[in-house]
Amino acid sequence: MESTRYGVGRMFRGVYTSASGMIANERKQQMLTNNLANALTPGFKQELAALRGFPEMLIHQQKEFPASLPIQEPIGTLHTGVYLQEGIPSFIQGDLQETGKNTDFALNDLALPVNPATQQSGRLFFAVQRGEEILYTRNGEFTVNPDGMLTTSDGDFVLDEALQPIAVETESNPVIPPLWIGYTENPEQLTRVGHGVFRWQGDANEQPQLLQNTALFIDNGLDLSMVIKQGHLERSNVDTTATMTEMITTFRLYEANQKVLQAYDRTLEKTANDIGRVY
Amino acid sequence: MNPSLLTAASTLSQLQRKMDIVSNNIANVNTPGYKGRQASFHDVLSQTVVNQMNQPEEIGRVTPLGVRMGLGAKLSATSISITQGNEVVTDRDLDLMINGVSTWFRTRSLTDGSDEVTYTRHGALQLLPNPGNGNEVILTTADGRSLLDVNDQSIMFVAGYERLAVNEQGTLQVAYPTGQSLTFQLSLAKITRPDLLESIGDSQFRLNGNVDDFVNNGTLALLDLSNGNVNGENISIKQGSLETSNVELTHEMTELMTTQRAIQFQGRAISMADQMMGLANSIRG
């Protein structure tokens, strides 16, 4: 039993640490692959992976007195692994691309000044309705469904300033009333639900509010034409070069963790098979 | 299985479809009246990984709990671009060009016996002998569908004419050496929601559904240019000209290159995922 406490237990800790490193890097690689896959998706926001060490542990050394009274002496602290804590969407503005389609819209955050009250710059979103729920999106590639309603390519209703679905006049050219544009300074509280759509998961009182009603808009005398462009789309904000570089790094980190795991394996092999072998 | 492998593989096949659409646009860069298509993408529904769901333990976290992993991109829709193509002068009497977006010639098949009206902007017309009457010819499109007049009839007249003229209002006048002449009024359709048009090949499009419904909800309007009922829009017919394809080669080449690069990125991601699986596989050994 002594050996478990002194030796093998410590070795196993390292095995799990390097294994956790492999798992975390694999998850990070998946996140990066997904970013890369969406390099052509309008309004897509790339996600940044945040890795975090396992909570710290205090490591003790056990000393045995002649009277076999165990005395513990602290060595120091140790993280025993790493995990992918979260994927943080980067809401940096994507480039605008002209499409000439009058059901395409792009939002431009860069036109917004920094809020003097909070010293933060906010982000803008369109509102769409799926079932009864209101969701948010940056993908302004809309279409008119067979019932004449303005929807996303996924069939969610696009909402106007009164948060009502929009019936498009088709008599001549489609006429689209002003869209609801939401403003928030905490875009991190929006979680992805796929198809370019986000759900607000933060405090219900702080959810995106109509831009025209914000003090920022009124005080700075902003104009809606500065923040929304019809006939344009916002391109994905994925930086393919940076993503590729990071994928290579992540791959090598995965490999390094595998090597460490192999080293542990060899040590264990020695312990199991060679120590105490009678030649 | 390494999930990035699946993400990259599925995205690769979706990008291939975009490649197909771009290639088709490029292939039709010289097709009169061709309207380009654009492909658009959206990200695929995320899968939530539940790890460490205890908020107080998650120090420094900025997003709500859970990790939402995306699974690549998917082709969400293709849309047709209805912009007007350029004019190319051919000086051929049977070449007609529609000047005005979203406006289409109405045609009907002569052979399959159906009443279905299809729409085209391919104005390179021809005269085919009328199978029912050997002295007559029928005005048809290049693929042999008869062009309709405002009474929904095929345009048929006795061969041996001297002159065939179409004015800006779409009135076709056939003059004979004897001094007689016949007039026909071409029927046009204005379709305000081009996304409902379904391409059926041979530069023809179909509106899937009941024609009356489309007329009632304003999607489809039948135009008789000689009546001037064109809602103040400037629509006219030009004889001796064809409308070129509205595909911009520069734009399509750019799309082709970015798509090709995106495919390469996915290929690289697949190979990385494969190597990672190889590493996992060779921990022991």
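Start in chain B, with one bridge: Arg163(B) has Ala175(B) as its bridge partner, in strand 14 of chain B. Before going on, the ground rules. This is a predicted model, where local features need pLDDT of at least 70, side-chain atom pairs count only at pLDDT 80 or more, and totals for chains, interfaces and linings use all residues. Residues are numbered from 1 along each chain as its sequence is written, chains are lettered from A and ligands numbered from 1 in the order in which they are written, and side-chain values use heavy atoms, with hydrogens and water left out.

Back to that sheet. Strands here are DSSP runs of E, at least two residues; helices are runs of H or I, at least four residues; both are numbered from the N terminus. Strand 13 of chain B pairs with strand 14 (residues 171–175) of chain B in the antiparallel sense, over 4 bridges. Pairing requires that DSSP finds at least two bridges between two strands. The sheet is open, has 3 strands, and runs in the order 13-14-15 in chain B, with antiparallel pairing. Which strands are at the edge? Strand 13 (163–166) and strand 15 (181–185) of chain B, each pairing on one side only. Neighbouring strands of this sheet are turned by 15 degrees against each other on average, direction ignored. For that angle, axes are lines fitted to C-alpha atoms, for helices over the stretch in contact, and angles run from 0 to 180 degrees between N-to-C directions.

Next, backbone angles. Most residues other than glycine have a negative phi. Now look at Asp202(B): phi is near 55 degrees, a positive value. Ser203(B) is not a glycine either, and has a positive phi of about 60 degrees. Where is Asp202(B)? In the loop between strand 17 (197–201) and strand 18 (204–207) of chain B. Ser203(B) is found in the loop between strand 17 and strand 18 of chain B. Are they buried or exposed? Asp202(B) counts as exposed, at 56% relative accessibility. Ser203(B) is partly exposed, at 22%. The cut-offs: buried is under 20% relative accessible area, exposed is over 50%, partly exposed is in between, with a 1.4 Å probe and protein chains only.

On to charges. Side chains of opposite charge can pair when their charged atoms come close. My rule for a salt bridge is a side-chain nitrogen of Lys or Arg within 4 Å of a carboxyl oxygen of Asp or Glu. How many does that give over all chains? The count comes to 25 salt bridges.

Three of them, briefly. In chain A, Arg199(A) and Glu133(A) meet at 2.7 Å, N to O. Arg199(A) sits in strand 14 (residues 197–200) of chain A and Glu133(A) in strand 8 (residues 133–137) of chain A, so the pair links distant parts of the chain, 66 residues apart. Arg199(A) is partly exposed at 29%, and Glu133(A) is partly exposed at 31%.

In chain B, Glu255(B) and Lys18(B) form a salt bridge at 2.8 Å, N to O. Glu255(B) lies in helix 3 (residues 249–281) of chain B and Lys18(B) in helix 1 (residues 3–27) of chain B, so this pair ties together parts 237 residues apart in sequence. Glu255(B) is buried at 16%. Lys18(B) is buried at 6%.

Asp143(B) is partly exposed at 31%, whereas Arg145(B) is buried at 16%. There is also a network: salt bridges that share partners join Lys45(A), Asp109(A), Arg123(A), Arg138(A) and Glu234(A).

Last, two residues and their surroundings. Ser154(B) is in the loop between strand 11 (145–147) and strand 12 (156–158) of chain B. Ser154(B) is buried, at 16%. Setting aside residues up to four places away in sequence, Ser154(B) touches Arg108(B), Leu110(B), Ile138(B), Ser146(B), Leu147(B) and Leu148(B). Contact means heavy atoms within 4.5 Å. Thr107(B) is 47 residues from Ser154(B) in sequence and 8.5 Å away in space, C-alpha to C-alpha.

Then Arg52(A), in strand 1 (residues 47–53) of chain A. Arg52(A) counts as buried, at 17%. Beyond its neighbours within four places in sequence, Arg52(A) contacts residues including Gly81(A), Tyr83(A), Glu57(B) and Glu58(B). That's my tour.
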